[in-house]
Amino acid sequence: MRGYGRATPYLFLAPYLALFLLFVVGPAIFGLWMSLHDWDFQLPGKPFVGLQNYKDLFDSQSTTAEPFWHGMRATAIFTLASVPFLVTLPLGLAVLLNRRFPGRTFFRAVFFAPYVLGVAVVGLMFRYILDTSFGVLNAFLGLFGIGEIGWTTEQPWAFASLVGMTVWWTIGFNAIIYLAGLQDIPAEQYEAAALDGAGPLQVFRNVTMPGLRPVFTFVVTITILASANMFGQALLVTQGGPGDSTRTALMVIADTGLSQFRMGQATAMSYVLAACLAVVSLINFALLRERKP
């Protein structure tokens, strides 16, 4: 590669850049173009409507505004309910699994194992576990005299079910990321804290958390984005019910675009959702970034 000179790094980047342009930038630009049209797969003409699809989302009289914002509300509730558990529980688990004890590797694998399952497998499994009539969970609770609970048909149990299954399914992923961050913290810092007589809470607050700040910021950000894009769990377990209380924004977008064939409106919804998530991510980085003394 000596003869290529300055072009060498660009040649190494070329395959990735080609795929990135083809599968990310290209579809994003095409989707933005679609959102400016009344795009119906069943019609030969796709008239240009400008920003009308976006205006309709903020017009209470339009047919798209109410279902979309109901979906955004369900998405926000699920995100606010799930993110604290998906951030703190894996952190505690990672701290425990970072200690030396017999079988540590086995337990790491056990906690990570559910994450390799597809959402279809997890959704169908929990659909049978949480079923009101013949579900395993209600049968177990019945042994203690607890009556039937509508885990998928009543609120707030429906959201509790979705949060619980998501935490069980994905806790191992965040825990592994935290573990990688914990192993990058120099052992000398813990030794110095021990010599100073610091207790476990002081060590966690003054050594572990500062060392994990970049990892913590990353975990919080990707967890918010993943929770805000929740789709499969609600589709398979609650079918968006009871009513439309767990019908998330992605479910509304998929139904609008793929069932009603109104791709222009659906892509406009997706870009509004993306803009909201971008703002939330920027706020998150601003709040959690490391500040210079």
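Is W69 buried, partly exposed or exposed? W69 has 31% relative accessibility, so the residue counts as partly exposed; buried means under 20% relative accessible area, exposed over 50% and partly exposed in between, with a 1.4 Å probe and protein chains only.

Before I go on, the basis. This is a predicted model, where local features need pLDDT of at least 70 and side-chain atom pairs count only at pLDDT 80 or more, while totals for chains, interfaces and linings use all residues. Residues are numbered from 1 along each chain as its sequence is written, and side-chain values use heavy atoms, with hydrogens and water left out.

Now the aromatic rings. A pair of aromatic rings is described by the distance of the centres and the angle of the planes. The structure holds 13 aromatic pairs. Rings of Phe, Tyr and Trp (its six-membered ring) pair if their centres lie within 6.5 Å; planes under 30 degrees apart are stacked, over 60 edge-to-face, and the rest tilted. One of the pairs is F58 with W69: the centres are 5.6 Å apart and the planes stand at 55 degrees, so this pair is tilted. F58 lies in the loop between helix 2 (52–57) and helix 3, and W69 in helix 3, so the pair ties together parts that are 11 residues apart in sequence. Helices here are DSSP runs (H or I, at least four residues), numbered from the N terminus. F58 counts as exposed, at 58% relative accessibility. F58, F68 and W69 form one aromatic cluster.

Next, a residue in helix 3. T79 is found in that helix, residues 65–97, and counts as buried at 12% relative accessibility. The T79 side chain reaches the backbone oxygen of T75 at 2.8 Å. Leaving aside residues up to four places away in sequence, T79 touches P84, I224, S227 and A228, contact meaning heavy atoms within 4.5 Å.

Last, the charged groups. K46 lies over the face of W39, 5.5 Å from the ring centre; the criterion is NZ of Lys or CZ of Arg within 6 Å of the ring centre and within 35 degrees of the ring normal.

How many salt bridges does the structure hold? The count is 1, a salt bridge being a side-chain nitrogen of Lys or Arg within 4 Å of a carboxyl oxygen of Asp or Glu. R247 forms a salt bridge with D255, with the closest N and O atoms 3.1 Å apart. R247 is partly exposed, with a relative accessible area of 24%, and D255 counts as partly exposed at 24% relative accessibility.

How values were computed. Helices (H or I, at least four residues) and strands (E, at least two) are DSSP runs, numbered from the N terminus. A polar contact is a pair of N or O atoms within 3.5 Å; within protein, one must be able to donate a hydrogen and the other to accept it, and residues adjacent in sequence count only if both atoms are side-chain atoms.
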